Amino acid sequence: MVNKDKDIIEKISELFILARYQYLILSELGNYQTFNIYKNKKVYPLNDYVIQRHLEGTATVGVFSSNNHTKFICFDVDAEDEDKAKWTVYRLVNCLIEIGIPDDDIHISLSGNKGYHVELYFNNPIKNGDAYELYLLVMNAGDLANIDYGQVEYRPNAMKQGVKIPLGINFKNKRKLRCWYVNYDKGLKPIRSKKYILKIKQMDVGIIYNILERERDVLEEVEVREVEEVRGFIESKYTPLKIYRENIGEKETIEAIEKLLHTGLTTTGMRHNSLYKLGKYFRFQGLTNEECYQALVEWMGEQDTRNYTTKWDDGIKDIQSIVKYIYENEISLTIEEKDLFVTYEEMRQILQLKSKNEKLLTYCLLIHSKRYAMKNGNFYMTYMQMSDASGLVEKTTRNLINKLEHSGILEIIERNRKVKDENGKVIKKEKKPNIYNMNIEYEKEEDASFRVVYSGLNYTDSFNSCILHFYDKKTLKSMLPRRHYESLVKLIS
């Protein structure tokens with residue numbers, strides 16, 4: 001009976017092993033061999049003795065999922081050099097956090113070459129199809145599918161591709177490096193202790209299902225809207241944008257980032273993540289990519305050099321990569337979830353507009369401004385976002401914006417802003433979204449006698465239901481065009 005490292009062996013079994021009938025062994029010669037008890041009766045199942053050899057460094061174990069389920073998902077990051085591998089891990093982890101994975105549930109280990117394994121461990125097995133759907137979601141969110149310097153692969157695949165578990169030796173590497181877990185907050189520095197694995201907790205699979213359900217709902221909304229457009233009919237309803245429903249941790253709030261801006265680096269290993277957060281913050285504030293780059297360089301120049309180990313020239317290259325990624329992929333802050341209020345006075349002003357589409361688009365702009373406006377009330381919203389939120393085609397939203405400006409309910413602070421590259425040169429045919437400010441008389445929320453609360457992820461109330469909340473049928477009949485009134489009456493009956 002194996003007694004050495006018994007607690008670590010049990011933890012490995014808990015986190016990784018679902019299908020003991022098949023596994024991989026990477027020998028000291030650097031050769032992989034697959035063992036399957038159903039194909040070779042002389043082979044024994046994956047047991048504690050094999051895992052003990054893995055920890056001792058005499059043979060490295062790789063595992064598969066079962067035919068239908070998996071206990072974990074691994075994003076296998078492989079890049080042509082270590083710096084690009086690190087950058088890909090940062091990019092990947094930020095994507096995971098932004099779609100709703102708690103940062104405490106993301107674990108990273110060395111692959112033994114130039115790459116890393118980014119892994120999530122589940123408290124209950126999930127279907128392989130669901131795990132792969134999550135992988136595709138993250139790959140699309142981070143634009144990681146087509147990187148030209150390496151790849152991020154999905155593991156494990158049942159019967160196809162196994163994956164080495166952490167804490168073993170990669171015998172394919174001449175240095176025979178051990179695959180330690182690494183510290184994300186300290187520049188992916190190896191945690192040279194096998195006992196670190198004992199601190200890992202499996203994440204609640206409910207988090208995964210909620211993320212997938214949310215994404216499926218978004219896709220279904222888009223598909224339904226496309227069908228309605230083909231039929232020449234679009235239901236007048238407000239659709240919350242995907243960015244409203246992304247989760248965010250306490251470390252990503254505006255208050256936390258502003259504190260980082262003024263406090264600066266306090267320890268080593270924070271540099272890259274701090275620059276990434278600040279880059280998102282500067283873009284959120286409306287800075288151009290060149291302005292963001294300059295602001296990050298200035299901030300970096302003010303930091304105590306004892307708190308980062310990267311050479312200055314390498315740090316500048318990293319800033320360039322961060323800015324390019326943030327602006328090319330339109331990465332911004334997701335504001336901390338909070339209740340949003342629509343008051344009677346706000347709806348009264350909206351309903352004074354002429355057409356139903358003007359009312360609907362103004363409502364969408366109002367909601368967007370409540371979540372994203374800066375302290376001076378300015379905000380930006382792309383025409384594509386307006387189209388997604390309102391269900392109106394993009395060309396219609398462009399025409400309506402001019403009408404709303406003419407009506408006085410919307411002020412265009414700056415329009416036709418040009419996109420510039422890192423050298424300040426205008427990029428042809430590309431424009432930044434206009435900057436707006438709502439000219440709506442706001443009531444103080446605490447004084448509002450009528451209000452509709454949009455809380456957390458429950459953005460289900462439509463534009464029409466908001467109207468119905470504030471007005472009775474008799475009042476609506478006197479103030480709305482016949483067709484709009486009749487569509488509302490149908491909702492009541």
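A: Happy to. Let's start with Glu-82, which sits in helix H3. Please keep in mind that the model is predicted. Glu-82 belongs to a negative surface patch, together with Asp-83, Asp-313 and Asp-314. Two helices each supply at least two residues of this patch: helix H3, spanning 82–99, and helix H9, spanning 312–328.

The side chain of Glu-98 meets that of Lys-280, with 2.8 Å from N to O. This pair links distant parts of the chain, since Glu-98 is in helix H3 while Lys-280 is in helix H7 (residues 271–284), 182 residues apart. Glu-98 counts as buried because its relative accessibility is 16%, and Lys-280 is buried as well, at 3%. The cut-off behind both calls is a relative accessible area under 20%.

The structure holds eight salt bridges, and two others deserve a look. One of them joins the side chains of Glu-346 and Lys-370 at 3.2 Å, N to O. Glu-346 lies in helix H10 (residues 344–351) and Lys-370 in helix H11 (residues 356–372), so this contact ties together parts that are 24 residues apart in sequence. With a relative accessibility of 1%, Glu-346 counts as buried; Lys-370, at a relative accessible area of 19%, is buried too.

The other brings together Arg-155 and Glu-153, whose side chains meet at 2.9 Å, N to O. Here the two partners fall into separate classes: Arg-155 is buried, with a relative accessible area of 10%, whereas Glu-153 counts as partly exposed at 24%.

Arg-155 also leads us to a backbone feature. The peptide bond from Arg-155 to Pro-156 is cis, with omega near -5°. Pro-156 is placed in the loop between strand S7 (150–155) and strand S8 (163–164). As background for a torsion check, most peptide bonds are trans, and most residues other than glycine have a negative phi.

Leu-167, in the loop between S8 and strand S9 (181–183), has a positive phi of about 80° although it is not a glycine. Leu-167 counts as buried because its relative accessibility is 0%. Leu-188 likewise has a positive phi, about 60°, without being a glycine. The loop that holds Leu-188 runs between S9 and strand S10 (189–191), and Leu-188 counts as buried at 3% relative accessibility.

Three strands form an open sheet in the order S12-S16-S13, with antiparallel pairing. Its edge strands are S12 (379–380) and S13 (410–414), each of which pairs on one side only. S12 and strand S16 (residues 435–438) are joined in the antiparallel sense over two bridges.

Terms used: Residues numbered from 1 in each chain as written. Predicted model: local features only at pLDDT ≥ 70, side-chain atom pairs only at ≥ 80, totals over all residues. Heavy atoms only, no water. Patch = residues over 30% accessible without salt bridge, like charges linked within 9 Å, V, L, I, M, F, W, Y side chains within 5 Å. Areas by Shrake-Rupley, 256 points an atom, 1.4 Å probe, with all protein chains shown as cover. Salt bridge = Lys/Arg side-chain N within 4 Å of Asp/Glu carboxyl O. Lys, Arg positive; Asp, Glu negative; His and termini not counted. Charge placed at Lys NZ, Arg CZ, Asp CG, Glu CD. Helix = DSSP H or I, 4+ residues; strand = E, 2+ residues; numbered from the N terminus. Pairing = 2+ DSSP bridges. Buried < 20%, exposed > 50% of the residue type's maximum accessible area, 1.4 Å probe, protein only.
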